[in-house]
Amino acid sequence: LSKKVQAIYLWWHKPVIDQELLQSLPNLKVIANSGVGMDHLDLKLVASFGVKMANARHAVSSSTADTGMALLLASARRLVEGYHVAISSGMEHCEADFLGVEVTGATLGIIGMGSIGYKIALRAKAFEMNILYHNRRRRKEQEEQAVGATYCEKIDNLLQQADFVMVVVSLTPQTRKLIGKREMELMKPTATLINISRGAVVDQEALVTALQTGVIRAAALDVTYPEPLPRDHALLKLKNVIITPHLGIKTDKATRMITEEAVENILAALNGLAMPNEVLPS
């Protein structure tokens with residue numbers, strides 16, 4: 001069937017796209033990804049075979065933004081810890097000093113203000129949060145005003161001011177370990193780090209140390225490296241971290257929309273039309 005294959009729909013990074021596969025499919029025209037992140041693909045290699053690529057950035061933006069806000073709220077109000085207290089066999093009352101932190105009126109720093117980051121800002125506005133953002137390119141003034149966001153040209157300014165830092169960038173060589181020891185030390189000791197992008201964007205060893213020593217208050221992670229973490233990993237033993245198994249896009253509606261978006265891109269490519277979500281190698 002190799003000569004008949006004209007399109008590949010990637011679901012959760014499968015099948016693996018390597019040179020051997022590309023060489024075996026001489027009539028392949030397009031690869032559509034079930035998500036926005038393309039770090040699992042060698043974009044230049046794929047392009048060298050004349051194959052177009054597309055992602056599903058529109059389908060995933062709302063569900064991923066919801067996940068980011070859910071993690072922010074859960075960490076702020078210590079929901080996971082509270083759940084275990086509530087169901088414990090010896091539960092008689094909740095300690096008076098079992099305190100979370102206020103979300104309303106707090107400052108949220110968003111690193112990466114693409115479609116997902118902007119939808120997070122829309123949600124944060126409803127919680128009356130002060131919004132800072134850092135991005136490669138500044139948003140239009142009317143877009144900033146719509147969510148009440150202030151642009152920080154330098155990431156350091158955002159880190160120093162934010163009560164919650166949410167990372168929403170693509171994984172590239174430039175963003176690998178973007179948040180490391182230096183960046184965490186710039187953050188407030190009362191701050192929370194939330195990562196819904198890719199695990200490797202955060203230096204996990206530095207994060208463990210920061211959480212253990214009080215450099216930052218807490219972390220909430222929907223992504224790690226690897227996924228899942230080894231069962232003896234230090235992050236799994238800390239009370240001030242919430243880890244979820246990459247739930248960002250996992251809703252029934254988002255799954256349907258991702259598939260529809262992939263089909264739309266594939267059909268466009270096969271019919272010689274412009275793909276709505278074409279991704280070009282940088």
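Helices (H or I, at least four residues) and strands (E, at least two) are DSSP runs, numbered from the N terminus. The model is predicted: local features need pLDDT of at least 70, side-chain atom pairs count only at pLDDT 80 or more, and totals for chains, interfaces and linings use all residues. Residues are numbered from 1 along each chain as its sequence is written, and side-chain values use heavy atoms, with hydrogens and water left out.

**Annotated spans**

- UniProt, in an unreviewed entry, places the feature "domain: D-isomer specific 2-hydroxyacid dehydrogenase catalytic" at residues 5-279.
- The UniProt record, also unreviewed, lists "domain: D-isomer specific 2-hydroxyacid dehydrogenase NAD-binding" at residues 69-248.
- UniProt positions are given in the numbering used here, feature names are shortened, and annotations may be inferred rather than shown by experiment.
- Residues 69-248 are 33% helix and 16% strand, with end C-alpha atoms 11 Å apart.

**Domains**

- The chain is divided into domain 1 (2-59 + 250-279) and domain 2 (60-243); such bounds come from an automatic or database domain assignment.
- Taken over C-alpha atoms, the centres of domain 1 and domain 2 are separated by 30 Å.
- Twelve residues of domain 1 are in contact with seven residues of domain 2, where contact means heavy atoms within 4.5 Å.

- Buried means under 20% relative accessible area, exposed over 50%, and partly exposed in between (1.4 Å probe, protein chains only).
- β2 runs parallel to strand β1 (residues 7-10), joined by four bridges; two strands pair if DSSP finds at least two bridges between them.
- I8 stands opposite I31 in β2.
- From β1 the chain passes through helix α1 (residues 19-24) to β2 in a right-handed β-α-β crossover. Right-handed means that, with the strands pointing away from the viewer, the path from the first strand over the helix to the second runs clockwise.
- Three bridges join β2 to strand β3 (residues 52-54), and these two run parallel; M53 in β3 is the bridge partner of I31.
- The crossover from β2 through helix α2 (residues 43-48) to β3 is right-handed.

- Strand β7 (residues 164-167) runs parallel to β8 through four bridges, and M166 has I194 in β8 as its bridge partner.
- The chain goes from β7 through helix α8 (residues 181-186) to β8 in a right-handed β-α-β crossover.
- Four bridges join β8 to the parallel strand β9 (residues 218-221), where A218 is the bridge partner of T192.
- β8, helix α9 (residues 204-213) and β9 form a right-handed β-α-β unit.

**Nonpolar cores**

- A nonpolar core is a set of buried Ala, Val, Leu, Ile, Met, Phe, Trp, Tyr and Cys residues joined through side-chain atoms within 4.5 Å.
- The largest has 34 residues, of which L72, L108, I110, I120 and F164 touch the most other members.
- α3 (57-76) gives the most to this core, with eight residues.
- This core lies between domain 1 (2-59 + 250-279) and domain 2 (60-243), because both give residues to it.
- A second, separate core of 31 residues includes L171, M184, A206 and I216.
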